[in-house]
Amino acid sequence: MVLFGTIVNVILIVVGALIGRFLSNIPERMKETVMYGIGLAVVAIGIQMTFESNQILIVIISIVLGAVLGEWMNLDGRINGLGKWLELKIPSKKEGPGVAQGFVTATLIFVVGSMAILGAIDSGLRNEHDILIMKGILDGFTSIILSSTLGIGVIFAAVPVFIYQAIITLLATQISQFVPDVLLDSFIAEMTATGGLMIVGIGLNLIGITKIRVANLIPGIAVVAVIVTIVHVLV
């Protein structure tokens, strides 16, 4: 079953979020420090991913054009709007972050990354699910921490994760017929680096240093695909 890895990933996110709710009585100072720790770890992961690029100019152009497209489409506003709608449906009786912040933060962390795309492609091309299962384990532990600090909104991130990875997996079942291996390898490298910069932004937001609308950078992934294809054709 080509969606096995994605299903496992989603289940682990849900389980992690539910476990995290039982740890919600952690002292606020500890929660704050834990969130800073997560933020620093996310920044480190993003920086490491950025060094995967072989053509940093492609990453820069993709981020800039992606930001323009994202702001035009107001992706951040739409995602936050969905989070606010969930917040109205499931009001939190506790002080602290609402459903929206947990949903948006978790969605970005779980979706914007190389493992989501690489794992989904591997599931579709070879019916191998090791990458997504590993991602699911990492996401599960992250869900525990995020849910204990940001609330139950984290659990709803499982929905966009499933949709996103399922679409990529199903497309990947056909991609080998049309995309050469060289082009695919180049896209994965530049996509990883571009996603890495976005993850750095998420980490900085978690620490509280910035308020970057990371969701508005997501179209940069599509821009990477276009630029890499153009470069491959011209070269």
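# A tour of the predicted model

Select Thr107 to begin. Its side chain reaches the backbone oxygen of Phe103 at 2.7 Å. Thr107 belongs to helix 5, which covers residues 99-111. Is Thr107 buried or exposed? Thr107 has a relative accessible area of 7%, so it counts as buried, the cut-off being under 20%.

**Confidence**

Now colour the chain by pLDDT. This is a predicted model. The mean pLDDT of the chain is 83, and 91% of the residues reach 70 or more. Which element has the lowest mean pLDDT? Helix 4, residues 75-89, has the lowest, at 73. Helix 3, residues 56-73, has the highest, at 94. Where pLDDT is low, the predicted coordinates should not be read in detail.

**Helix 1**

Select residues 4-21. This is helix 1, with 18 residues. From its first C-alpha to its last it reaches 26 Å, close to the 26 Å expected at 1.5 Å a residue.

Next, highlight the buried residues of helix 1. They are Gly5, Thr6, Asn9, Val10, Ile13, Gly16, Ala17 and Gly20. Why are they on the same side of helix 1? They cover an arc of only 135 degrees around the axis, so they are on the same side of helix 1. An α-helix has 3.6 residues a turn, so residues three or four places apart point the same way.

What covers these buried residues? Show helix 5, helix 7 (130-150) and helix 8 (158-175), which are among the elements that cover the buried residues of helix 1.

**Two stops on helix 1**

Pick Asn9, in helix 1. Asn9 has a relative accessible area of 0%, so it is buried. Show its side chain together with that of Asp139. A polar contact of 3.1 Å joins the side chains of Asn9 and Asp139. Now show what else is around Asn9. Leaving aside neighbours within four places in sequence, Asn9 is in contact with Leu132, Lys135, Gly136, Asp139, Val161 and Gln165.

Move along to Ala17, also in helix 1. Ala17 is buried too, with a relative accessible area of 0%. Which residues does Ala17 touch, not counting residues up to four places away in sequence? Select Ser143, Ile144, Ser147, Val154 and Ile155 to see them. Then draw a distance from Ala17 to Ile168. These two are 151 residues apart in sequence. In space they are 24 Å apart, C-alpha to C-alpha.

**The largest nonpolar core**

Select Phe110, Ile117, Leu146, Phe187, Ile202 and Leu206. The largest nonpolar core has 47 residues, and these six touch the most other members. Which helix gives the most to this core? Helix 9, residues 181-207, gives the most, with 10 residues.

**Helix 6**

Go to Leu125, in helix 6 (residues 114-126). Leu125 is partly exposed, with a relative accessible area of 35%. Leu125 and Asn74 are 51 residues apart along the chain, and their C-alpha atoms are separated by 33 Å.

**Helix 10**

Finish at residues 220-234. This is helix 10, with 15 residues. Helix 10 reaches 21 Å from its first C-alpha to its last, close to the 21 Å expected at 1.5 Å a residue. Highlight its buried residues: Gly220, Ile221, Val223, Val224, Ile227 and Val228. They cover an arc of only 150 degrees around the axis, so they are on the same side of helix 10.

Note on methods
Residues numbered from 1 in each chain as written. Predicted model: local features only at pLDDT ≥ 70, side-chain atom pairs only at ≥ 80, totals over all residues. Heavy atoms only, no water. Helix = DSSP H or I, 4+ residues; strand = E, 2+ residues; numbered from the N terminus. Buried < 20%, exposed > 50% of the residue type's maximum accessible area, 1.4 Å probe, protein only. Polar contact = N/O pair within 3.5 Å; in protein donor to acceptor, adjacent residues only side chain to side chain. Core = buried A, V, L, I, M, F, W, Y, C linked by side-chain atoms within 4.5 Å. Expected span 1.5 Å × (residues − 1). Arc of directions from axis to C-beta. Contact = heavy atoms within 4.5 Å. pLDDT = per-residue confidence, 0-100.
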